[in-house]
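Biologist: I would like to learn how to read a model like this one, feature by feature. Could you walk me through it?

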Amino acid sequence: MTLLEIENLSKTYPGAHGTTVKAVSEVSLSVEAGEVLGIVGESGCGKSTLGRALLRLIEPSGGDIRFEGKSIAGLSRRQLKPFRRDMQIIFQDPFGALNPRHKVGAIISEPLKVHKIGNTASRAARIAELLALVGLPEGSAERYPHEFSGGQRQRIAIARALALEPKLLVADEAVSALDVSIQSQIINLIAELQEKLALSIIFISHDLSVIRHVSDRIAVMYLGRIVEIGPSEDVMETP
Ligand code: ADP
Ligand code: ADP
């Protein structure tokens with residue numbers, strides 16, 4: 001089953017002196033349910049813009065996005081709300097996304113509150129479940145983000161992203177800021193969760209070596225376009 005289809009998606013930013021920057025140019029691709037799609041390309045080629053535009057975290061300039069067959073490109077913020085539960089994103093710098101004044105438990109359960117899911121007791125149980133899922137000790141809920149290492153903070157961000165049981169997770173350079181040994185721990189965690197939860201994942205990275213082992217297919221971006229897409233083995237064989 002196809003989960004996400006994007007068709008001729010474009011994003012243009014205003015540039016200096018009245019010029020425009022075409023960050024994403026007419027990109028079409030689809031993601032199957034349970035599939036891991038890697039998107040790779042050098043810095044500035046438009047990966048992050050594509051990842052955010054397809055979630056409508058930034059407004060596309062053109063093209064269509066269909067999630068489970070329904071077009072979300074023209075929906076208002078209010079109409080988008082039910083789709084937000086199904087599509088989550090994690091970023092390179094989890095610290096930036098974690099409110100330093102909130103305890104980890106509150107951070108992880110915030111999406112549940114926003115979507116008015118459960119009560120205090122059921123949310124506490126869900127926090128414990130999510131902490132276990134990402135391999136953090138239960139007592140973490142009562143601590144603050146700065147008490148954790150970079151890798152652990154990314155685990156917190158993952159727990160938060162999974163709170164609403166999304167169908168699609170976009171990981172945008174999610175391990176790029178981490179030490180190499182920690183990178184593989186987090187990649188392996190995401191791959192384990194992908195299988196356990198039958199998630200679809202879009203894995204964005206400038207570094208092919210980071211995503212090659214976990215991607216079913218890889219799309220190569222260059223100057224805002226997808227120049228190659230196919231099974232990981234095929235893409236990696238290209239000289
Ligand atoms: P990548 O994720 O591959 O590094 P980005 O999507 O961040 O690429 O950027 C693609 C292009 O769009 C780059 O030329 C970048 O400078 C430009 N760009 C990104 N965000 C903005 C913005 N908010 N305003 C103007 N230009 C931007
Ligand atoms: P606001 O707090 O005003 O909603 P944000 O910039 O925090 O503004 O978020 C913009 C939109 O993106 C919101 O609708 C929010 O639900 C959604 N959003 C924010 N973070 C995430 C995330 N990690 N995954 C998916 N959607 C997100």
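**Reading the model together**

Biologist: Before we go on, what confidence does the predictor give?

Modeller: The general idea is a caution: where pLDDT is low, predicted coordinates should not be read in detail. Here the chain has a mean pLDDT of 95, and 99% of its residues reach 70 or more. For the complex, the predictor gives an ipTM of 0.76 and a pTM of 0.89.

Biologist: Now the sheet. In what order do the strands of the open sheet come?

Modeller: In general, strands of a sheet pair through backbone hydrogen bonds, either parallel or antiparallel. In this model, an open sheet of six strands runs in the order β6-β7-β8-β3-β9-β10, and its pairing is mixed. The edge strands are β6 (87-90) and β10 (225-231), each pairing on one side only. From one strand to the next, the twist averages 15°.

Biologist: Which way do β6 and β7 pair, parallel or antiparallel?

Modeller: β6 and β7 pair in the parallel sense, over four bridges. To find your place, look at Met87: its bridge partner in β7 is Leu168. Along β6, Met87 and Ile89 point one way while Gln88 and Ile90 point the other way, and all are buried.

Biologist: And what about β9 and β10?

Modeller: Strand β9 (residues 217-222) and β10 run antiparallel, joined by six bridges. There, Arg217 stands opposite Pro231 in β10.

Biologist: Which helices pack on this sheet?

Modeller: Helix α1 (residues 47-54) lies across β3 (36-40), β6, β7 (168-172), β8 (200-205) and β9, running at about 155° to β7. Helix α7 (residues 180-197) packs on the sheet too, touching β3, β6 and β8, and its direction makes about 160° with that of β8.

Biologist: Let's turn to helix α4. Which of its residues are buried?

Modeller: In helix α4 (residues 104-114), the buried residues are Val104, Gly105, Ile107, Ile108, Ser109, Pro111 and Leu112. What covers them includes α5 (120-133) and α6 (150-162). Just after α4, have a look at Lys116, which takes a positive phi of about 55°.

Biologist: How should I think about salt bridges, and how many does the structure hold?

Modeller: The general idea is that side chains of opposite charge can pair when their charged atoms come close. This structure holds 12 salt bridges. In one of them, the side chains of Glu110 and Arg160 meet at 2.4 Å, N to O. That pair links distant parts of the chain, with Glu110 in helix α4 and Arg160 in helix α6, 50 residues apart. Glu110 is partly exposed at 35% relative accessibility, and Arg160 is partly exposed at 26%.

Biologist: Where do Arg126 and Glu129 lie?

Modeller: Both lie in helix α5, three residues apart, which is about one turn of the helix. Arg126 is buried, with a relative accessible area of 16%, because buried means under 20%. Glu129 is partly exposed at 47%. Elsewhere, salt bridges that share partners join Glu5, Glu7, Asp64 and Arg66 into one network.

Biologist: What about Arg56 and Glu59?

Modeller: Arg56 and Glu59 form a salt bridge, and their closest N and O atoms are 2.9 Å apart. Arg56 counts as buried at 8% relative accessibility, whereas Glu59 is partly exposed at 42%.

Conventions
Residues are numbered from 1 along each chain as its sequence is written. Chains are lettered from A and ligands numbered from 1 in the order in which they are written. This is a predicted model: local features need pLDDT of at least 70, side-chain atom pairs count only at pLDDT 80 or more; totals for chains, interfaces and linings use all residues. Side-chain values use heavy atoms; hydrogens and water are left out. Buried means under 20% relative accessible area, exposed over 50%, partly exposed in between (1.4 Å probe, protein chains only). Helices (H or I, at least four residues) and strands (E, at least two) are DSSP runs, numbered from the N terminus. Contact means heavy atoms within 4.5 Å. pLDDT is the predictor's confidence in each residue, from 0 to 100. Two strands pair if DSSP finds at least two bridges between them. Axes are lines fitted to C-alpha atoms, for helices over the stretch in contact, and angles run from 0 to 180 degrees between N-to-C directions. A salt bridge is a side-chain nitrogen of Lys or Arg within 4 Å of a carboxyl oxygen of Asp or Glu.
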